[in-house]
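Here is a brief report for a first look at this structure. Please have the sequence and the 3D view at hand.

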Amino acid sequence: MDNSARAWAPRPGLVGVGWALTVAAACALAWTALSGDRPGTLLLSVVTAAFAALSLHGTVVRPRLTADASGVRLRTLGRTHSLRWSDVAVRLTTARRYGREAQIVELDSDDRLTVLGWIELGADPHDVYDELVRLRQTPHNAG
């Protein structure tokens, strides 16, 4: 990547809060399991697993999105997908989530649609979209 490369990932503080909630839920799970509360144990098992999965995802997929003049790279749990600008359409859309409107960045290629919000990007999706458009228009210096 050249000097104009940009990367976006979940904010470290947010991932840290996720891990703290995972530890708190695990402690509550242990206490509930030892007290013999079976329904509470089941509920806290699900909550602990959910916090752990989200925190692990936020830790492993860093950076989630990387872009430069040649294209974008999307990191997932399994691998990194590299796409040239000619192979991907970038859109800024508005979705209604939990009773409010939220902006999202959509990256659409032949084989996948990736939707990224502010949590996965760690930044305002509108700002990320503007930067992606700028990078897409930057001439690529093949060397």
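This is a predicted model: local features need pLDDT of at least 70, side-chain atom pairs count only at pLDDT 80 or more; totals for chains, interfaces and linings use all residues.

Start with the strands. An open sheet is built from 3 strands, in the order E5-E6-E7. The pairing is antiparallel. Strand E5 spans residues 89-97 and strand E7 spans 113-116. These two are the edge strands, and each pairs on one side only. From one strand to the next, the twist averages 30°.

Now look at the pair E6 and E7. Strand E6 covers residues 100-108. E6 and E7 are joined in the antiparallel sense over 4 bridges. Within this region, Glu106 stands opposite Val115, a residue of E7.

Is Thr48 buried or exposed? Thr48 is buried, because its relative accessible area of 12% is under the 20% cut-off.

| Backbone oxygen | Distance to the Thr48 side chain |
|---|---|
| Leu44 | 2.7 Å |
| Ala25 | 3.3 Å |

For the Ala25 entry, the distance runs to a polar atom of the Thr48 side chain.

Which residues does Thr48 touch, leaving out those up to four places away in sequence? They are Thr22, Ala25, Ala26 and Leu29.

Technical notes. Residues are numbered from 1 along each chain as its sequence is written. Side-chain values use heavy atoms; hydrogens and water are left out. Two strands pair if DSSP finds at least two bridges between them. Axes are lines fitted to C-alpha atoms, for helices over the stretch in contact, and angles run from 0 to 180 degrees between N-to-C directions. Buried means under 20% relative accessible area, exposed over 50%, partly exposed in between (1.4 Å probe, protein chains only). A polar contact is a pair of N or O atoms within 3.5 Å; within protein, one must be able to donate a hydrogen and the other to accept it, and residues adjacent in sequence count only if both atoms are side-chain atoms. Contact means heavy atoms within 4.5 Å.
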